[in-house]
Amino acid sequence: MSDAAPQPSAEIIGLDSRRPPPKHRARTALMKRLADVVSLPSSRVNTFERAVTADLLVEMLRDADFEERERVARRLAQLTEIPNSLVRLILRDEYDVARPLLEDSVSLSDSDLLDCIRSSTGAHRRAIAQRRVVSEVIAEALVEGGETLVIEALLRNEAARFSQAAIETVVALTRDWQHLAPMLLRRPELRPSHAYVLFWWAEPAARRAILQRFAVSREILQEASADVFPIAAEEGWQDPLARKALQFIERRQRNRAALAKSPFASLDEAVAAAEKGLTRQIAEEIAYLSGLKPMTGAKIFTDPGGEALAILCKATGLPKAALRSLWKAMRRPEATEAGEIAPALERVFATYDMIAVDRAQTVLRYWNWSLSSAMTPALLHAIREQDDSNIDEFSVPQRAAMLAFSADLAR
């Protein structure tokens, strides 16, 4: 009879009998035993016993083979409570080891996931973006990394929750990554303020989706504040806060006060003059007569797609013929070589036809509100310096302006 110590069987140490036995069978058996103790319910092991066992298992895992680490990770992924030291170690391991926890574990805290986001690979972050629950804090951290595949996975994840800061970051990223825009437009967290900014660099299909979904009516606002207009008029419109808000709400788009000072008898006459030669002065007059600031007008007239021009014409009651006149004044192609209407002009006409006057006014006035009225010296400095460290100090329209003009005004 041999005096050698009995060796644990493959079944005892949890091995597949079809695989060759591990090199360190005692180590494998012990690691399984330690994982079993960590996995025991609280009725069987107290908090301190579990912590001590976890510390011992952590020390062994640091120098363990890949298969040993992966086996322990799969065992722990099913637990509802995992010691923090084990979680941090496994989540910082290579992706194939961390994957069971990232995909299946419900016990990971935001703190655990944040640590993994900061210290691991893109594959780890993509797996986090695909988890069944992704909090606003985690989504914001993932978006800040600026990794395309991670953000795509996050946008596709219906269970993920985006903070407004994260949405604004993704809106800015769509300027360079146009393929993100359709996914972003499907997110329930997206607000009109974001969509109206995204419009400026969106592709035609995305622009159409923005106008269909976010060009809302102001009828409820007009009904609710109908009695406020005469009060403001009695006060001489002296309160700048009330005046700015009421300018957004009111039904009339054209600026009667500007007409009294204009060299043109009407907005239609200014458009007719533009067809003979669109100068900066005429463009500014069209903006003033339309109730817009020159900065907003310049953004519309330089819009490469042209849909913004259709919004301007529809909101101000200009006919489609005026839209064609402005298109011609801007020296945009009206027809193809085959004599058919140019695709870009046809798309602009379709935009004009699809949107109601009140909804076009909502879009136009928000642009004017965010692109000009919100443009304070502090905001202009922040845009030029590309400083968004104090982004929370700015209002919603100011942040919209920061997004819209960041490429135009940055140094």
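Q: Below what relative accessible area is a residue buried?
A: Accessibility here uses a 1.4 Å probe and protein chains only. Exposed means over 50%, partly exposed lies in between, and buried means under 20%.

Q: Which residues of helix H22 are buried?
A: This is a predicted model: local features need pLDDT of at least 70, side-chain atom pairs count only at pLDDT 80 or more, and totals for chains, interfaces and linings use all residues. Numbering starts from 1 along each chain as its sequence is written, and side-chain values use heavy atoms, without hydrogens or water. Helices are DSSP runs (H or I, at least four residues; strands are E, at least two), numbered from the N terminus. In H22, residues 320–329, the buried ones are Ala322, Leu323, Ser325, Leu326, Trp327 and Ala329.

Q: Which helices do the buried residues of H22 pack against?
A: Contact means heavy atoms within 4.5 Å. The partners are H18 (267–276), H19 (280–289), H20 (294–301), H21 (307–315) and H23 (343–354).

Q: Is arginine 331 buried or exposed?
A: Arginine 331 follows H22, in the loop between H22 and H23. Its phi is near 60°, positive in a residue other than glycine. At 78% relative accessibility, arginine 331 counts as exposed.

Q: What is the relative accessible area of tryptophan 237?
A: Tryptophan 237 sits in the loop between H15 (228–234) and H16 (240–249). Its phi is positive, near 55°. Tryptophan 237 is partly exposed, at 33%.
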